Amino acid sequence: MHEMGIMAEVLESTLAAASDAGATRVNSIRLTIGELTGIVPDALEFAFEALSLGTIAEGGALEITVVPASSRCLTCGEEFSHDAYDRRCTACGSFLCEVLGGDELVISGADVDVPDPDPGPDPK
Ligand SMILES: [Zn+2]
């Protein structure tokens, strides 16, 4: 499954960043996914649940934002959003368009618990 490999990378990056920050728990991971990636959010959540077992992200939430694709028409310059199947210009009907967005996969944030730093010996 496509989503399993993607989630493995997302989780690896998130856990590495969380570990660098000294986090003991990942409460949630926010992802922004372009519609053109063809990623199925449900499959991604399933992959997250399976892959996070035994990590500090186990039981955490995955918050997925799907952004629609957008393109600019090369014929008339119109910018418009569209789905993955019909990418023709909404103004003039041309199919000569340049994709502006919708193919992204971005970790847009993660909510982690970082324990208070060890006070150590009293500096006073
Ligand atoms: Zn056009």
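Helices (DSSP runs of H or I, at least four residues) and strands (DSSP runs of E, at least two) are numbered from the N terminus. The model is a predicted one, in which local features need pLDDT of at least 70 and side-chain atom pairs count only at pLDDT 80 or more, while totals for chains, interfaces and linings use all residues. Residues are numbered from 1 along each chain as its sequence is written.

Staying with H1, colour Glu 3, Met 7, Val 10, Leu 11, Thr 14, Leu 15 and Ala 18, which are its buried residues, a residue being buried if 20 or more other C-beta atoms lie within 10 Å of its own, exposed if 12 or fewer, and partly exposed in between. Looking down the axis of H1, you will find that these buried residues fall within an arc of 130 degrees, so they line one face of the helix; the arc is that of the directions from the helix axis to the C-beta atoms. Turn to the other side of H1, and Gly 5, Glu 9, Glu 12, Ala 16 and Asp 20 are exposed. After H1 comes Gly 22, with a positive phi near 80 degrees.

Next, select strand E1 (residues 25–34), which pairs with strand E6 (residues 105–113) in the antiparallel sense over 8 bridges, pairing being assigned if DSSP finds at least two bridges between two strands. Leu 31 stands opposite Ile 107 in E6. E1 is also joined by 7 bridges to strand E2 (residues 61–67), and these two run parallel; Thr 32 stands opposite Thr 65 in E2. From E1 the chain crosses through helix H2 (residues 41–52) to E2 in a right-handed β-α-β crossover, meaning that, with the strands pointing away from the viewer, the path from the first strand over the helix to the second runs clockwise.

Finally, select Met 7, Leu 11, Ala 18, Val 26, Ile 29 and Phe 48, which touch the most other members of the 17-residue largest nonpolar core, a set of buried Ala, Val, Leu, Ile, Met, Phe, Trp, Tyr and Cys residues joined through C-beta atoms within 7 Å. H1 gives the most to this core, with 5 residues. Leaving aside neighbours within four places in sequence, Phe 48 is in contact with Met 7, Leu 11 and Leu 62, and Leu 62 is in turn the bridge partner of Ile 29 in E2.

Notes:
Two residues are in contact if their C-beta atoms, placed from the backbone, lie within 7 Å.
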